[in-house]
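Hello,

Here is the structure I said I would pass on. My notes on it follow below.

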Amino acid sequence: RPDQPNGDPENLKYGIRARISEDSGATWSDEIFVYDAGGTDDGCWEPQTIELPSGEIHCYFANEYDYPGSNDQNISLCRSTDGGRTWSGREIVSYRKGHRDGMPVAIYMEDTREIIVAIEDNGWHTSRMQPSIIRTSDNWASGTVLAGSANREYALAEELDAVDNAAAPYICRAKTGEIILSYQGTEDRD
């Protein structure tokens, strides 16, 4: 993160870097560049990585950089095919115009060969963040998951009230096969 709002724009950007350990975390490589966004109101946030069975590594993150002067945000992805040593340019995997897709957490579903990503989404029946699932069965070859896509769904069986915030979703798959989604919610609280 930039440590001051103004200054040298080339050195004060929000960015994502990786480091690699080949000895169970005892030592780490130098920083590896993944992505840079802007410097003040157009940052990138909340990176999360997964490794696919092919060995490809995905880094998902929330990204404001494409929408200067607005409050919009997308979910972006950078890929590595060499164990995280180099990274592709960024691609947009999820975007709801006029809203903020954020805080992605991805898992790979071995049985269906899908990637599913839990995100916070303020574009359903409320302006509050509530969890959505975006998904792909073709490693995002079909393009960006937009607002009305069949690959975007409200994550909960019962909709929360419009006043409830359900942000920061996290998703994992238990050894028993169940998929567990958690979030930070405000139900029954101010």
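In this predicted model, the largest pocket has a volume of about 180 Å³. Its lining consists of 13 residues, and R17, A18, T49, C59 and W87 are the ones that lie nearest the centre. Sorted by class, that lining has eight nonpolar, four polar and one charged residues. Three strands, β1 (15-18), β3 (44-51) and β4 (57-63), supply at least two lining residues each.

The largest nonpolar core has 29 residues, of which V34, Y60, W87, I115, V117 and W140 touch the most other members. Two or more residues come from each of β1, β2 (32-36), β3, β4, β5 (74-80) and β8 (114-121). The biggest contribution is that of β4, with five residues. Apart from this core there is another one, of seven residues, including I107, M109, I116 and I133.

As for V34, leaving aside neighbours within four places in sequence, the residues in contact with V34 are I16, R17, A18, C59, C78, W87 and S88.

β4 runs antiparallel to β3, with six bridges joining the two, and C44 stands opposite N63. The hairpin of β3 and β4 has five residues between the strands, and G55 there takes a positive phi near 95°. β4 is also antiparallel to β5, joined by seven bridges; in that pairing N63 stands opposite N74.

Regards

Note on methods:
Residues numbered from 1 in each chain as written. Predicted model: local features only at pLDDT ≥ 70, side-chain atom pairs only at ≥ 80, totals over all residues. Heavy atoms only, no water. 1 Å grid on protein atoms, 1.4 Å probe; cavity = no way out; pocket = protein on both sides within 12 Å on 5 of 7 lines; lining within 4 Å. Points joined across faces, edges and corners; volume = space filled by probe spheres on them. Helix = DSSP H or I, 4+ residues; strand = E, 2+ residues; numbered from the N terminus. Nonpolar A, V, L, I, M, F, W, Y, C, P; charged D, E, K, R; others polar. Core = buried A, V, L, I, M, F, W, Y, C linked by side-chain atoms within 4.5 Å. Buried < 20%, exposed > 50% of the residue type's maximum accessible area, 1.4 Å probe, protein only. Contact = heavy atoms within 4.5 Å. Pairing = 2+ DSSP bridges.
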